[in-house]
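Subject: Structure for you to look through

Dear colleague,

Please find below the structure that I promised to hand over, together with its sequence. Once you have had a look at it, please read on for what was found.

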Amino acid sequence: MHSSIFLRLFPPPKYLVMKYTGLHISDDALYCLDYTTNIRGHFISKFGCLDIPQGIVEGGEIKDEKKFSELLKQFDHDHDLSFVKVSVPEEKAYLFQTDVPSANVRAIAQNIESKLEESVPLSAPDAVFYFDLLPKAVTGGALRASVSVVARSYIEKVMGLLRNSGIFPVAFEVLPKSIAMAVIEPKTPGAEMIVHIMNRKTGIYIVSESVVCFTSTISWGSQVSNGVQSDISILIKEINRIHEYWTTHNPATSALNRIILVGKGSLVHENVLKTAMSEFGIEVGIADVWRNTFDLDNYIPPISREDSLDYAVAAGLAIS
């Protein structure tokens, strides 16, 4: 991660080298996960989940702070969270691309800050941001940054709630990047689409060489309503739309190679999505949430494959 007005919110440098837990705050649940390393490599030392009743968090917005704080305190009591790296829901982040004058980090940050108000509905003092330089396969050789921006008020609100519950955030990370950290091997050539299926919404993200280049969220999820299964055709239509957009607006060197499914409902919908995308020659598969942390031939995690798909965000956050 480059830049970090995000990290400036947490000034003590010693925090960044301290052990921390990945904390994913979703609309539906709290998830935590922590790794420990020994001579044999990484292993999971802590994990847990606590359901959030509907209405407390909606679209990433904390609607009932009192009840949310009570849940945080319970979660901390059960899992001894202490220091955490926290997810930022995609609905709370703006993503845009901009050409930059050089590869110098300070110069890029200053350039982006001067463009914030023309790119997002936030002024520079009211925003926190970070950026990654886009791979040249996507830009056609141009020097361009992918910028994520979050309202400072949102970050400060979540920080306050966490600290009042005895939990101390060391950093925040936008959700799509957290998942990519877990499920995509660093610097994988070409582009890959992550389809993150949740209860009442689905996030669709395109990642190229570890950089999140595109995000979209639709109000379709895996949750069954009144005994009627969610209409998968809605998701297929959106995937096709985004695939067509990406193909039309980006060089052939960044063609979409694979669709990675993660989150609730992935296993249920895998075969249907494979069939739908077969005409484009695009591979569709279930994410391996542990691919960047340990070898399953040497270590069997205490989380089932199905349940691991709900831990993808926390797993990515926990990677140092």
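Before we come to single residues, one term is needed: two strands are said to pair if DSSP finds at least two bridges between them. Please also keep in mind throughout that this is a predicted model.

With that term in hand, we can begin with Val86, whose bridge partner in strand 10 is Phe172. This bridge belongs to the pairing of strand 6 (residues 83–88) with strand 10 (residues 168–174), which runs in the parallel sense over six bridges. Looking the other way, Leu23 stands opposite Val86 in strand 6, and strand 1 (residues 21–25) pairs with strand 6 in the parallel sense as well, over three bridges.

These strands belong to an open sheet of five strands, in which the order is 3-2-1-6-10 and the pairing is mixed. Strand 3 (41–51) and strand 10 each have a single partner strand, so they stand at the edges, and one side of each is left without a neighbour in the sheet. From one strand to the next, the twist averages 25°.

Is strand 10, then, mostly covered or mostly uncovered? Although strand 10 stands at an edge of the sheet, six of its seven residues are buried, and the strand is therefore described as mostly covered, given that buried means under 20% relative accessible area.

Helix 5 (residues 152–164) lies across strand 1, strand 6 and strand 10, and runs at about 145° to strand 10. Helix 6 (residues 175–183) also packs on the sheet, where it touches strand 1, strand 6 and strand 10, while its direction makes about 90° with that of strand 10. Helix 6 is largely enclosed by the rest of the structure, because eight of its nine residues are buried; among them are Leu175, Pro176, Lys177 and Ser178.

Next come the pairs of helices. Two packed helices are described by the angle between their axes and the distance between the axes.

Helix 2 (residues 65–79) packs against helix 5 at an angle of about 50°, and their axes are 9 Å apart. That makes helix 2 oblique to helix 5, and the crossing of the two is right-handed. In this contact, Glu65, Phe68, Ser69, Leu72 and Lys73 of helix 2 meet Lys157, Leu161, Leu162 and Asn164 of helix 5.

The axes of helix 7 (residues 232–249) and helix 8 (residues 266–277) come within 11 Å and cross at roughly 45°. That makes helix 7 oblique to helix 8, and here too the crossing is right-handed. On the side of helix 7, Ile232, Leu235, Ile236, Ile239 and Asn240 take part, and they meet His269, Val272, Leu273, Ala276 and Met277 in helix 8. How do the residues of this contact divide into nonpolar, polar and charged, and what number falls in each group? Eight are nonpolar, two are polar and none is charged.

Finally, please look at Asn250, which is found in the loop between helix 7 and strand 14 (256–263). Asn250 counts as buried because its relative accessibility is 16%, which lies under the 20% cut-off. Its C-alpha atom is separated by 23 Å from that of His196, a residue 54 positions apart from Asn250 along the chain.

With best wishes

Notes
Residues numbered from 1 in each chain as written. Predicted model: local features only at pLDDT ≥ 70, side-chain atom pairs only at ≥ 80, totals over all residues. Heavy atoms only, no water. Axes fitted to C-alpha atoms, helices over the stretch in contact; angles between N-to-C directions. Helix = DSSP H or I, 4+ residues; strand = E, 2+ residues; numbered from the N terminus. Parallel < 35°, antiparallel > 145°, perpendicular 65-115°, else oblique. Left-handed = near helix turned anticlockwise from the far one by under 90°. Contact = heavy atoms within 4.5 Å. Nonpolar A, V, L, I, M, F, W, Y, C, P; charged D, E, K, R; others polar. Buried < 20%, exposed > 50% of the residue type's maximum accessible area, 1.4 Å probe, protein only.
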